[in-house]
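Subject: Structure handover

Hello,

Here is the structure you are taking over. My notes on it follow below.

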Amino acid sequence: MTDQSTAPDTAAPVTPSPTDPLWVERTGNRTYRGHTARGASVEIGPVEAGAVFTPGELLKIALAACAGMSSDTKFARALGEAYEAVIRVEDAKDLDEDRYPVLTERFEIDLSGLDEATRNKTLLLAQRSIDRACTVGRTLKAGALVPPAVFEQPAGDAEDDAEEAAS
């Protein structure tokens, strides 16, 4: 454990956002597979589809992971690199409005080995890091603009249609 009472108040570095393409492909009735150009994938669909994430669950997981990643160095400094944490976002969906009105990040983390001053300083620095470096939380708090969806003909289909029209 490190005494953080004299540690400088520096936020976690903001990680540049990858510019790799992200996309989802339809795999069945209301089911999709999300992809990154780096090769990661995730199954997405309604609860009834089984072993998939719903879009709302992905939103909650993104927020929890972002908070964890943003505060990681603060907790590691105080607790050691091998510390364990579980971060939950369990707030209920407003079914009438079909949205999550509250998203609370709940850290399950053992801070019992820290004295009160170190514990308080660690929690303060962790929250500051989350506030400054968690892109997902900052985006949600700012109320990101979501313009209407854009609907386009697939590139290959547009070329085929042009060739058919020319013949």
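Two residues are in contact when they have heavy atoms within 4.5 Å of each other. Among contacts in the chain between residues at least 6 apart in sequence, 48% join residues at least 24 apart.

Please note that this is a predicted model: local features need pLDDT of at least 70, side-chain atom pairs count only at pLDDT 80 or more, and totals for chains, interfaces and linings use all residues. Residues are numbered from 1 along each chain as its sequence is written, and side-chain values use heavy atoms, with hydrogens and water left out.

Overall layout

The chain has four helices and five strands, where helices (H or I, at least four residues) and strands (E, at least two) are DSSP runs numbered from the N terminus. Along the sequence they come in the pattern β-β-β-α-β-β-α-α-α. Of the 167 residues, 25% count as buried; buried means under 20% relative accessible area, exposed over 50%, and partly exposed in between, with a 1.4 Å probe and protein chains only.

Helix H2

Helix H2 covers residues 116-133. The expected span of a helix is 1.5 Å times one less than its number of residues, so the 18 residues of H2 should span 26 Å, and the 25 Å between its end C-alpha atoms agrees with that.

The buried residues of H2 are Thr118, Thr122, Leu125, Ala126, Ser129, Ile130 and Ala133. They lie on the same side of H2, because they cover an arc of only 140 degrees around the axis; the arc is that of the directions from the helix axis to the C-beta atoms. Glu116 and Ala117, on the other side of H2, are exposed. The buried residues pack against helix H1 (55-79), strand E5 (106-109) and helix H3 (135-142).

Helix H1

Ser70 is in helix H1 and is buried, at 5% relative accessibility. Its side chain reaches the backbone oxygen of Ala133 at 3.4 Å and the backbone nitrogen of Cys134 at 3.3 Å. Ala62 is also in H1, but is partly exposed, with a relative accessible area of 31%.

Loops

Arg30 is in the loop between strand E1 (22-28) and strand E2 (31-36) and is exposed, at 57% relative accessibility. Asp98 is in the loop between strand E4 (85-88) and E5, and is exposed too, with a relative accessible area of 54%.

Regards

Methods. Polar contact = N/O pair within 3.5 Å; in protein donor to acceptor, adjacent residues only side chain to side chain.
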